[in-house]
Every structure is written in C-alpha cells, then in structure tokens.
Amino acid sequence: LAERLASEQPPLLIDVRTPEEFALAHLPGARNIPLERLEAHLEALPKGEEIVAVCLRGRRSAHAAAQLLKAGFQNVKRLHGGLKAWQQHIDPNFPL
C-alpha cells in the first residue's frame, strides 16, 4: 500500500474511523467517512477507482469493504491489521 500511495495514481483511501479518531492521526490523502455513514456516501464514490478502506485494527475496514463490494464496487481492498499494522510494519513513527 505504501508504494501504491506514492504512485501517480494512488488508491482512494477511505478511513472509516470516527472523526475524532481521524483528527488524531490518518494516512496522507485519506478521506474520513465513518463506517456508520458509509452507505449515505456510496453514490459520491468513484466506482471505477481502487478504494482501500482503513481503520485502527482492520475490523471496521472489513465491514466497509464488504459493504462497498455489495454495492457494486469492484476494486475494493482494505488495510489488513489497520493503522496498528501500518505503524508496526511500515512507519514506526506513525502517531496512534
């Protein structure tokens, strides 16, 4: 994911945590759409782009990815292990 985020066409990052969690720390370029509000935002999301759902540990992003796939989005992924895994494996200085 780190390589794809640095590419010329990065995926759309959807951070499904609460606005309070998002304000504390988030990946650059991430868009905050809390999981409980995701359904209301489906029409505004680009169906043809790669979308990566992100949360703290991976549970909410799994639900978000399933919801997006059910709504007809094809290129959906999630950050397995969430931002905790990002901090552990990619950026140990990522603030959580």
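Start with the largest nonpolar core, which has 16 residues. Select Ile-14, Leu-38, Leu-45, Leu-68 and Phe-73, the members that touch the most other members. Now colour strand 1 (12-15), strand 3 (51-54) and helix 4 (59-70), the elements that each give two or more residues to this core. Helix 4 supplies the largest share, three residues. Keep in mind that this is a predicted model.

Next, centre on Ile-14. Which residues does Ile-14 contact, leaving aside neighbours within four places in sequence? Show Arg-31, Ile-33, Leu-45, Ile-51, Val-52, Ala-53 and Val-54. Then select Ala-25, Leu-27, Val-52 and Trp-86. They are among the 11 residues of another core, which lies apart from the largest one.

Move to Leu-35, in the loop between strand 2 (31-32) and helix 3 (38-41). Is Leu-35 buried or exposed? Its relative accessible area is 18%, and the cut-off for buried is under 20%, so Leu-35 counts as buried.

Finish at Ser-61, in helix 4. Ser-61 is buried, at 0% relative accessibility. Look for a polar atom of the Ser-61 side chain, 3.1 Å from the backbone oxygen of Gly-58. Not counting residues up to four places away in sequence, Ser-61 touches Val-16, Ala-53, Val-54, Cys-55, Arg-78 and Leu-79.

Methods
Residues are numbered from 1 along each chain as its sequence is written. This is a predicted model: local features need pLDDT of at least 70, side-chain atom pairs count only at pLDDT 80 or more; totals for chains, interfaces and linings use all residues. Side-chain values use heavy atoms; hydrogens and water are left out. A nonpolar core is a set of buried Ala, Val, Leu, Ile, Met, Phe, Trp, Tyr and Cys residues joined through side-chain atoms within 4.5 Å. Buried means under 20% relative accessible area, exposed over 50%, partly exposed in between (1.4 Å probe, protein chains only). Helices (H or I, at least four residues) and strands (E, at least two) are DSSP runs, numbered from the N terminus. Contact means heavy atoms within 4.5 Å. A polar contact is a pair of N or O atoms within 3.5 Å; within protein, one must be able to donate a hydrogen and the other to accept it, and residues adjacent in sequence count only if both atoms are side-chain atoms.
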